[in-house]
Amino acid sequence: MATILGTSSSAILASKPFSIPSLSLTSSGLSFGRKYYGGIGLVGKKGRPQFHVAVASVATDIGSVQEAQKAAAKESQRPVYPFAAIVGQDEMKLCLLLNVIDPKIGGVMIMGDRGTGKSTTVRSMVDLLPEIKVVAGDPYNSDPEDPESMGIEVRESVVKGEDLTVVLTKINMVDLPLGATEDRVCGTIDIEKALTEGVKAFEPGLLAKANRGILYVDEVNLLDDHLVDVLLDSAASGWNTVEREGISISHPARFILIGSGNPEEGELRPQLLDRFGMHAQVGTVRDAELRVKIVEERAQFDKNPKEFREAYKSEQEKLQQQISSARSFLSSVKIDHDLKVKISKVCAELNVDGLRGDIVTNRAAKALAALKGRDQVTAEDIATVIPNCLRHRLRKDPLESIDSGLLVSEKFYEVFS
């Protein structure tokens, strides 16, 4: 994606006739005499400025400045533990990867013992997230090609036939703190504008920022009920509607919902649990050698994060490329009608409410096939993902614990054999 961005910026600038406004973007302005743009001297005579500048050179310079700014911003961020360095926890890692490949799976709920690397693994996904096209300056990360993911203002601009400035940006990962207020999550009135300009303006919240991205809630089972209601509403409709002080505004809020928690601290409401496409269970590593390896690698990361991340750079890049290829390949993956019927038969015999289990299992199996580079789903793909897609949907009594997946696996082999 980075290569695409680099070449596209040069190509766009090179394809347009060079003009004075184009130059004004690279500096505070042109004045007569000598100015330097990317090491090129511009010499002008009084009253007759000369613009003998190679457009490709200026475009390359702009691209290099943008890349340098991105690199500087990345360096200034808090170092994140590399995803490729996570030892074990294959089930959790697979569920996260499948959701990045196909966001329509609907997110993942990760439950497990404390100190098993749940939040570390989720946050390590930041490095692997691909780039997407968004409308520049839009607070809702509007998709320039999909009206369903456009904010109201962007949609109006499209209807009027106005040109949209499109940029590539990484998928957002937004943390939802347990103590967040409803106004901060949904959005509220911009008080500063109201006081200074005397107009009512909307200030977008976390749901707007998370549109087309990831919304992560750590200790989701401790989240206040009123925030759970907000998440349920947005997850159901894909839109967030805010009614505040005479203002009614709706904006797209389609996000991958990722939650983590410890079952000892309480269970989730069934309504919210059903909104998670997949469910991953994480256990404490029992193998002594693996435990030692985890402790040693964590110590190395804490001692020198930059050096540790550099050691896993090639693995991270390889995984990132694999995800990017799988996303582009996903639409061509097929699943036989016979396999679809068997998936639905498993869901029916397990007495799963609704059809969300059928839909998610089909999507997850396709994403797994795409990740493996195949264009056809096999029974093995379904066997891998179906316990994660169905086990949290079997519970009828709120006091029951979530099935480990054994019941789903037994039913799968009974139907598929």
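Modeller: In this predicted model, Leu94, Leu98 and Ile101 of helix H4 meet Ala364, Ala367, Leu368 and Leu371 of helix H16. Contact means heavy atoms within 4.5 Å. Helices (H or I, at least four residues) and strands (E, at least two) are DSSP runs, numbered from the N terminus.

Colleague: How many nonpolar residues are in the contact of H4 with H16?

Modeller: Ala and Leu and Ile are in the nonpolar class, with Val, Met, Phe, Trp, Tyr, Cys and Pro; Asp, Glu, Lys and Arg count as charged and the others, Gly among them, as polar. This contact has no polar and no charged residues. The nonpolar count is 7.

Colleague: At what angle do the axes of H4 and H16 cross?

Modeller: Axes are lines fitted to C-alpha atoms, over the stretch in contact for helices, and angles run from 0 to 180 degrees between N-to-C directions. The axes of H4 (residues 90-101) and H16 (residues 356-371) come within 9 Å. They cross at roughly 95 degrees.

Colleague: Why is strand E9 largely enclosed by the rest of the structure?

Modeller: Buried means under 20% relative accessible area, exposed over 50%, partly exposed in between (1.4 Å probe, protein chains only). E9 covers residues 214-218. It is largely enclosed because the buried residues number 4 of the 5.

Colleague: Which residue is the bridge partner of Ile214 in E12?

Modeller: Strands pair if DSSP finds at least two bridges between them. E9 and E12 (residues 256-261) run parallel, joined by 5 bridges. The partner of Ile214 is Ile256.

Colleague: What are the ground rules?

Modeller: Residues are numbered from 1 along each chain as its sequence is written. Local features need pLDDT of at least 70, side-chain atom pairs count only at pLDDT 80 or more, totals for chains, interfaces and linings use all residues, and side-chain values use heavy atoms, leaving out hydrogens and water.
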